[in-house]
Amino acid sequence: MNMQSRSDSYAAAGVDITAGYRAVELMKTHIAKTMTAGALSDIGGFGGLFELDLTGISRPVLVSGTDGVGTKLKLAFLMDKHDTVGIDCVAMCVNDIICVGAKPLFFLDYIACGKNIPEKIADIVSGVAEGCVQSGVSLIGGETAEMPGFYPVDEYDLAGFSVGVVDKAKVFDKTTIQPGDVILGLPSSGVHSNGFSLVRKVLDVEHADLKAPVEALGGRSLGETLLTPTRIYVKSILALMEQVQIKSVSHITGGGFYENIPRSLPQGMTAKIKEANVPVLPIFTLIEKAGSVPRREMFNTFNMGIGMTVVVAREEAEKAMEVLQAAGEQPVRLGEIVAGDEGVILW
């Protein structure tokens, strides 16, 4: 810790430099768990260094992704629980990167807060580190910005950035999709990190008892259910890539089925999905009933129980299911590709 750098004037304005140093020291143990072979720098420098291993890659393509956690953070504030939202932050970035077939390599986070409370910052970073471990990436840097007067003293924002690499020849090619191809779905863990503005309004979370058991949620509390971290699918998709020709992947985030799945389809192809095959989670049923939200709008806002979809040839569907199951997934067969420009058909 730097014992020479201190400014009483800056502290009087609301920014405690020494608290920042203390936070860095507390988070180092968590960060150490994420180090992979390519990570070359220690936390605290001006830039994160990562050595790119291009073994077996003839035409490397870098793929980047950036995102935040959104208003799900309001639940963390209300619950005073900050060690899981970092997983969400990592997930929202690396799940996008894997959609083109790239292996995520490293991650950087950005935390902006009203007051730097070192223990809270370390809690947040512990979640980021866990997300990095789950996705096999190194946490090689980040930034904590103390911004009094801009954020309330007990609130913060969290965002991240990740970079991956893929051989150009192995980038998923959605133009190969044709009628009869099969759409597989990988289950979500809950609401993930999208649609929380609607969730908060419909369930009135600011005034709800977030810690009381809820029968409709199987006895889990509302707060625990909503704070469940976003699932990270990186290792499962990487395992599938080794044995099956993946045609496209879609990360089901904000916009639900109707916005995200068409992004992974070529013009003239439509995803025909049997609604009964979607493993709708209890939290979505609760939201739908509490807010009288039309079913189509539910599928146009939330993941509804499916966090990622994968398109493969019909003859490889069973093998893909087996590979995904071996990777720890519980895949479901959602439907198939048909000709048309409807984007998504739920029937």
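**Strand 5 and its sheet**

Strand 5, residues 182–187, is mostly covered, with six of its six residues buried. Buried here means under 20% relative accessible area, exposed means over 50%, and partly exposed lies in between, for a 1.4 Å probe and protein chains only. Strands are DSSP runs of E with at least two residues, helices are runs of H or I with at least four, and both are numbered from the N terminus. The model is predicted, so local features need pLDDT of at least 70 and side-chain atom pairs count only at pLDDT 80 or more, while totals for chains, interfaces and linings use all residues. Residues are numbered from 1 along each chain as its sequence is written, and side-chain values use heavy atoms, with hydrogens and water left out.

In a regular strand the side chains alternate between the two faces of the sheet. In strand 5, Val182, Leu184 and Leu186 point one way, Ile183, Gly185 and Pro187 point the other way, and all are buried.

Strands of a sheet pair through backbone hydrogen bonds, either parallel or antiparallel. Two strands are taken as paired if DSSP finds at least two bridges between them. Strand 5 pairs with strand 8 (residues 306–312) in the antiparallel sense, over six bridges. Within that pairing, valine 310 of strand 8 is the bridge partner of leucine 184. Strand 5 also pairs with strand 9 (residues 332–339), again in the antiparallel sense, over four bridges. Here valine 182 stands opposite glutamate 336, and glycine 185 stands opposite valine 332.

Glutamate 336, the residue of strand 9 that faces valine 182, is partly exposed, with a relative accessibility of 28%. Its C-alpha atom is separated by 35 Å from that of glutamate 215, and the two residues are 121 apart along the chain.

Strand 9 has a further partner in strand 7 (residues 269–273), which it meets in the antiparallel sense over five bridges. Isoleucine 273 has glycine 335 of strand 9 as its bridge partner, and threonine 270 stands opposite valine 338.

These pairings belong to an open sheet of six strands in the order 6-8-5-9-7-10, with mixed pairing. Its edge strands are strand 6 (248–251) and strand 10 (344–346), each of which pairs on one side only. From one strand to the next the twist averages 25 degrees; axes are lines fitted to C-alpha atoms, for helices over the stretch in contact, and angles run from 0 to 180 degrees between N-to-C directions.

Burial can also be followed in a helix. Helix 4 (residues 85–97) is largely enclosed by the rest of the structure, because 12 of its 13 residues are buried. Among them are Val85, Ile87, Asp88, Met92 and Ile97. Leucine 52, by contrast, lies in the loop between helix 2 (17–32) and strand 1 (60–68) and is partly exposed, with a relative accessible area of 37%.

Conventions. Expected span 1.5 Å × (residues − 1).
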